[in-house]
Amino acid sequence: MVKCQKIKETLSVMVNASLDVDDFDTNQEGNIQISQEGFQKMCQLLLNKVKNTLNAALFNSNFNANQINKVLHVGGGSRMPMIKELLRNMFPEAEHCIEEHPDEVVAIGAAYYAYNLPLDP
């Protein structure tokens, strides 16, 4: 799992990555090449779920995509080029705020949320 995570991270900044088969099966040798495009094809169902979730949120909020003027990219997935592209395509008129440390932004948001929760007496 750790090696797969590393490949996902590599594909966020590089066009290609490789996986050493020997790391998983010592009886076999070789490398598997994975491209950003190939990875995106593998993730297409998940990308569709993200898009459907965003469309549902827009519908439930009675907003349309053109009314959104700022999109904050947070969380590890926001580093992925396919997620950035999806958000830019869905919200082309919005300012896209991409933080250097998107995981920290999630933690800060959770801290603000927790701070504002009502205390039980």
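**View 1. Thr 10 in helix α1 of the predicted model****.** Thr 10 lies in helix α1. Its relative accessible area is 19%, and because buried means under 20%, Thr 10 counts as buried. Leaving out residues up to four places away in sequence, Thr 10 touches Asn 16 and Ala 17.

**View 2. The largest nonpolar core, with 18 residues****.** The residues with the most contacts inside this core are Ile 7, Leu 11, Phe 39, Met 82, Ile 83 and Phe 91. Two or more core residues come from each of the elements α1 (2–11), β1 (16–20), α3 (44–61) and α4 (81–90). Helix α4 gives the most, with five residues.

**View 3. The surroundings of Phe 39****.** Phe 39 is among the core residues with the most contacts inside the core. When its neighbours within four places in sequence are set aside, Phe 39 is in contact with Lys 8, Leu 11, Ile 34, Met 80 and Met 82. Of these partners, Leu 11 and Met 82 are also listed with the most contacts inside the core.

**View 4. The two faces of strand β3, residues 70–73****.** In a regular strand, side chains alternate between the two faces of the sheet. In β3, Val 71 and His 73 make up the covered face, while Lys 70 and Leu 72 make up the uncovered one.

**View 5. Strand β3 beside strand β4****.** Strand β4 spans residues 95–98 and runs parallel to β3, with four bridges joining the two. Leu 72 has Cys 97 of β4 as its bridge partner. Together, β3, α4 and β4 form a right-handed β-α-β unit.

Technical notes:
Residues numbered from 1 in each chain as written. Predicted model: local features only at pLDDT ≥ 70, side-chain atom pairs only at ≥ 80, totals over all residues. Heavy atoms only, no water. Core = buried A, V, L, I, M, F, W, Y, C linked by side-chain atoms within 4.5 Å. Buried < 20%, exposed > 50% of the residue type's maximum accessible area, 1.4 Å probe, protein only. Contact = heavy atoms within 4.5 Å. Pairing = 2+ DSSP bridges. Right-handed = clockwise from strand over helix to strand, strands pointing away.
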